[in-house]
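Open the model in your viewer and keep the selection panel at hand. The stops below follow one another.

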Amino acid sequence: MMQRLVDNAIAVTKESVKTFTYESLNNIVRFINGISALLLAFLPGKANILEGIHGWELRPTFRGPRFPRWMENGVSSFNQFIHELSVDSDSEGSSVSIDYGEEYSDEDICPASPSSQSSRVSRSYSMPRQWTGWMWIRYIFYWILFPARFLLGLPGLLCRSSYNRSATPSSAPGSSQLSHRTSSLNRVQFLKDHFIQRTTDRRRGVIEDLHLAIEIFIEAVFDVVHKAAHFVLSPFDALRTLFGWFSSNNNRVQDTHGSASEASVPTATLGDDDPVPTERNTSFQALNTDARTCQDVITELGYPYEAIHVITSDGYVLLLERIPRRDSRKAVYLQHGILDSSMGWVSNGVVGSPAFAAYDQGYDVFLGNFRGLVSREHIDKSISSRQYWQYSINELGTQDIPAMIEKIHQVKTAELKLSQPDIEEETNGDQPYKLCAVCHSLGGAAILMYVVTQRIEEKPHRLSRLILLSPAGFHEDSTFMFSVVEYSFLLLAPLLQPLVPGIYIPTKFFRMLLNKLARDFHNYPAVGGLVQTLMSYFVGGDSSNWVGVLGLPHYNMNDMPGVSFQVALHLAQMKRAKRFRMFDYGRASANMEVYGSPEPLDLGEYYGLIDIPVDLVAGRKDKVIRPSMVKKHYKVMKNSGVNASYNEFEYAHLDFTFSHREELLAYVMLRLLLVEPPPKQSSPKGLKLKKKGQQVNS
């Protein structure tokens with residue numbers, strides 16, 4: 001009797017402490033969210049910055065934002081893994097009741113936050129407008145003792161439910177009662193599947209981790225208290241249980257040793273020549289951060305995938321990813337910008353991503369990745385951080401892109417010859433396929449550098465058309481913040497370059513923290529809106545969804561794209577010189593050794609060598625690379641006789657890749673379709689032999 005009384009008292013106290021701590025943390029979060037909303041209300045220019053970021057609710061509420069319109073109904077399958085709405089703590093009605101109505105609203109099927117059942121129930125009751133002293137006392141006692149009532153009444157509830165289930169008579173097939181039961185079971189299964197999907201979501205924010213950690217800590221403390229009380233009241237039973245626990249634990253150590261972090265899972269990758277399931281070691285993310293790769297996104301959406309590792313002439317290992325159409329005679333090469341990866345081209349799901357749209361139009365899609373990962377992929381495994389980050393935009397345009405395009409050429413030529421044995425040999429520089437390039441931001445500057453330098457060296461660039469989305473290169477017309485960064489880089493470059501060779505997050509802990517904070521910015525919209533506004537101020541007022549981009553999985557605890565100090569210095573040099581030129585090594589002798597002149601090569605002066613059509617696209621809301629700078633590319637090209645076109649859209653800088661823009665996607669596909677694939681020409685076997693004989697006789 002005494003033991004049961006003590007157990008009940010400990011259980012009630014534990015649940016009360018859980019509820020108190022959980023509600024205290026919620027109140028702190030609400031306070032921070034409210035202060036953020038208040039600050040956001042007084043910040044100037046926030047309307048333009050937050051315009052177009054659908055789904056942000058800038059009221060101080062505990063609920064996270066809704067899905068944007070283009071993410072609803074499975075349109076953007078990729079983005080669903082970052083979505084888990086928390087329960088609105090201000091909603092009325094009991095949270096333990098389930099509505100089995102015809103429509104399943106988000107309030108009906110959203111699981112509760114990670115707290116005890118009693119705290120979830122106690123939070124759901126709305127408070128009256130006027131309270132007397134007796135009502136306050138009654139409410140406090142009811143709030144404290146409700147967990148005990150719930151736990152004590154749970155066995156009776158289970159008995160009644162089992163009795164009702166056994167007492168329900170079976171009805172004939174086809175009756176209305178059977179139909180109603182089937183419908184109810186389907187709805188229950190729907191709710192069950194939805195709960196499982198939500199509770200097994202692989203990402204948690206910092207606040208959610210605090211909720212879980214506090215509950216685990218309270219459970220551990222009260223478990224110790226419970227065992228201590230049990231030992232005091234029943235010492236002999238406690239000693240017997242302790243002895244049995246130690247004996248069983250020793251026998252179990254050998255079975256469980258070394259089996260917690262990895263598991264072998266049979267997998268097969270779509271697009272492989274022999275997609276037979278093979279054993280692959282899968283590491284589980286214990287800290288609930290998402291480390292999805294571009295391969296995961298592509299294959300989960302049902303598309304084929306292929307990874308090609310490319311080694312540059314200076315030893316960097318690049319990842320060239322592919323959505324293969326091996327027999328296609330038209331290919332497209334997509335190249336990302338600064339602090340980005342190939343993930344940007346698939347981040348909007350099936351409908352809104354350029355990579356999937358090109359594949360659906362019959363293209364063989366190649367996704368390039370520049371050097372500059374925290375993992376430092378290099379043939380020299382012992383390369384130091386200072387050596388790895390020793391590169392500028394020069395290396396991106398003269399090392400990375402040439403290596404990837406040559407690999408594309410080798411792969412496509414070999415595959416087309418294999419699938420079409422009667423194909424003619426490459427003559428007069430003609431290719432059996434057409435390759436177009438779609439590049440964003442820094443990728444646009446690098447691809448222009450590649451084409452110009454290849455033409456100067458009289459080498460084939462193998463491209464048929466360029467589509468450049470807000471390309472870098474000219475930067476003199478920029479905001480005040482970029483001018484401050486430019487002067488700081490140029491002034492402090494001799495001091496900072498030896499100390500900070502690369503700009504990235506160096507430790508796993510802080511990368512994990514960024515990943516989790518990005519989740520919190522989505523869950524608490526006022527905080528997210530404030531961070532979005534401040535980040536936009538830093539980049540000159542650009543209204544791109546900077547907070548949303550931080551939630552993409554290529555910024556994870558294991559790896560992330562970075563940028564070398566020399567790349568940032570190279571951009572500052574271009575801004576200062578007001579020209580699109582190659583890297584200035586700071587000494588005339590060093591420039592003379594690389595370029596053959598004391599000054600770096602001015603690429604704009606060689607635009608006349610570009611022998612393919614170029615489509616330039618600018619964003620009117622782009623504050624990172626303003627439309628005037630993209631138009632400068634266009635004017636220099638037109639003056640040099642290049643077949644160039646220019647277009648503008650109402651976009652910010654990141655909208656070209658990370659936002660679902662139908663008109664941009666339609667425009668890019670239209671420009672790609674202007675390049676017709678080479679016709680399938682076959683030569684008779686006798687003609688080939690005759691040619692071969694003529695060569696031998698000559």
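This is a predicted model: local features need pLDDT of at least 70, side-chain atom pairs count only at pLDDT 80 or more; totals for chains, interfaces and linings use all residues.

Select E306, R322, R326, D364, K412 and E415: salt bridges link these residues in a network.

**Inside the network**

Where do the two partners sit? R326 lies in the loop between β4 (317-323) and β5 (330-335), and E415 lies in helix α13 (residues 393-419), so the pair ties together parts that are 89 residues apart in sequence. Next, check accessibility. R326 is partly exposed, at a relative accessible area of 26%. E415 is buried, at 15%. The cut-off for buried is under 20%.

**From α19 to α15**

Select R576 and E486. Their side chains meet in a salt bridge, at 3.0 Å from N to O. R576 belongs to helix α19 (residues 565-577) and E486 to helix α15 (residues 480-499); the pair links distant parts of the chain, 90 residues apart. Is E486 buried or exposed? E486 counts as buried, with 5% relative accessibility. R576 is partly exposed, with a relative accessible area of 44%.

**From α1 to α7**

Select K14 and E219. Here too the side chains meet in a salt bridge, at 3.4 Å from N to O. K14 is in helix α1 and E219 is in helix α7 (residues 206-233), so this pair ties together parts that are 205 residues apart in sequence. E219 counts as partly exposed, at 32% relative accessibility.

How many salt bridges does the structure hold? The total is 27. Side chains of opposite charge can pair when their charged atoms come close.

**A nonpolar stop**

Stay with helix α1 and select I28, which is found in this helix (residues 2-42). Then extend the selection to F31, I32, I35, L38, L39 and F42. Together with I28, they form a nonpolar patch on the surface. The accessible area of the patch is about 730 Å² together. I28 itself is partly exposed, with a relative accessible area of 48%. Patches take residues with over 30% relative accessible area and no salt bridge, and the 48% of I28 is a value to check against that cut-off.

Technical notes: Residues are numbered from 1 along each chain as its sequence is written. Side-chain values use heavy atoms; hydrogens and water are left out. Patches are made of residues with over 30% relative accessible area and no salt bridge: like charges are joined within 9 Å, nonpolar side chains (Val, Leu, Ile, Met, Phe, Trp, Tyr) within 5 Å. Accessible areas come from the Shrake-Rupley method with a 1.4 Å probe; for residues, only the protein chains shown count as cover. A salt bridge is a side-chain nitrogen of Lys or Arg within 4 Å of a carboxyl oxygen of Asp or Glu. Helices (H or I, at least four residues) and strands (E, at least two) are DSSP runs, numbered from the N terminus. Buried means under 20% relative accessible area, exposed over 50%, partly exposed in between (1.4 Å probe, protein chains only).
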